[in-house]
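Subject: Structure for you to look at

Hello,

Here is the structure I said I would pass on. Please open it next to this message, and my notes follow below.

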Amino acid sequence: MNFINVWKENNFAIYIFNSLIVAIIVVIGNIIFSTMVAYGFARREFFGKNVLFMIVLATMMIPPQTTIIPIFIIMKNLGWIDTYYALTIPFLVTPFGIFLLKQYIEQLPIELEQAAYVDGANTFQILFKIIFPLSKPAIAVMAINTFITSWNMLFYPLVMTTSKEMRTVQVGLALFQKFNQVDWPTLMAASSIIGIPVIIAFLIFQKHIISGITQGAVKG
């Protein structure tokens, strides 16, 4: 009964739908764009490469609360406040994803790419037909980490959304707690529902994560 009440009250189903849309878009964006950036850092030589990569790593140490105001101003000027654009586009590429995939791609045998170049393949064909398949373990780790981070995000969606229809599940849960301060069974039911998509995401990527760990053990 508590699960039914959670699903019907306070637009909780809409909150879950919004979080799923945001998390899926962010994960797909990171799989594509973070891998492309990581491949550039791992395999290409250009002026200022090391300095630029250090800057990328340095951004991981910046608290997100310090960047929320300039991001909000940008989103407002673009007219993206209270839209999926504001909730997804700033996170389509992450420093963690770039770092993780760069380190993994550097361990792949470059002879495969050289052979593909000899056979007439271009950079994008090598990236999508060689690098992507060989990087599945690292991509799986990045994907599950990105999904969990996006799913559990509270402060950013709270600032960037103004309507109930665009709130994510963590914002909805925070407001739900405010409205139901003493209804612990209902709150526990809501928390259980929130945890289900994370478990499903882990089960989807579990095979690739375990295979990556196994490959690392064999190489060692």
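Helix α6 (residues 95-105) and helix α9 (residues 136-151) have axes that come within 9 Å and cross at roughly 165°. The axes are lines fitted to C-alpha atoms, for helices over the stretch in contact, with angles between N-to-C directions that run from 0 to 180 degrees. Because angles over 145 degrees count as roughly antiparallel, α6 is roughly antiparallel to α9. On the side of α6, the contact (heavy atoms within 4.5 Å) is made by F96, G97, L100, L101 and Y104. On the side of α9, P137, A138, I139, V141, M142 and N145 take part. By class, this contact has 9 nonpolar residues, 2 polar ones and no charged ones. Here Ala, Val, Leu, Ile, Met, Phe, Trp, Tyr, Cys and Pro count as nonpolar, Asp, Glu, Lys and Arg as charged, and the others, Gly among them, as polar.

A word on the source. This is a predicted model, in which local features need pLDDT of at least 70 and side-chain atom pairs count only at pLDDT 80 or more, while totals for chains, interfaces and linings use all residues. Residues are numbered from 1 along each chain as its sequence is written, and side-chain values use heavy atoms, with hydrogens and water left out.

Now the whole protein. It has 12 helices and 0 strands; these are DSSP runs numbered from the N terminus, with helices being H or I of at least four residues and strands E of at least two. Of its 220 residues, 39% count as buried, that is, under 20% relative accessible area, with exposed being over 50% and partly exposed in between (1.4 Å probe, protein chains only). Among contacts between residues at least 6 apart in sequence, 80% join residues at least 24 apart. The accessible surface comes to about 12,600 Å², and carbon and sulfur atoms account for 71% of that; the areas come from the Shrake-Rupley method with a 1.4 Å probe.

D82 sits in the loop between α4 (64-78) and α5 (84-88). D82 has a positive phi of about 65°, although it is not a glycine, and it is buried, with a relative accessible area of 19%. A174 belongs to helix α11 (residues 169-179) and is partly exposed at 30% relative accessible area. Its C-alpha atom is separated by 9.8 Å from that of L158, 16 residues apart along the chain.

Regards

Notes. Parallel < 35°, antiparallel > 145°, perpendicular 65-115°, else oblique.
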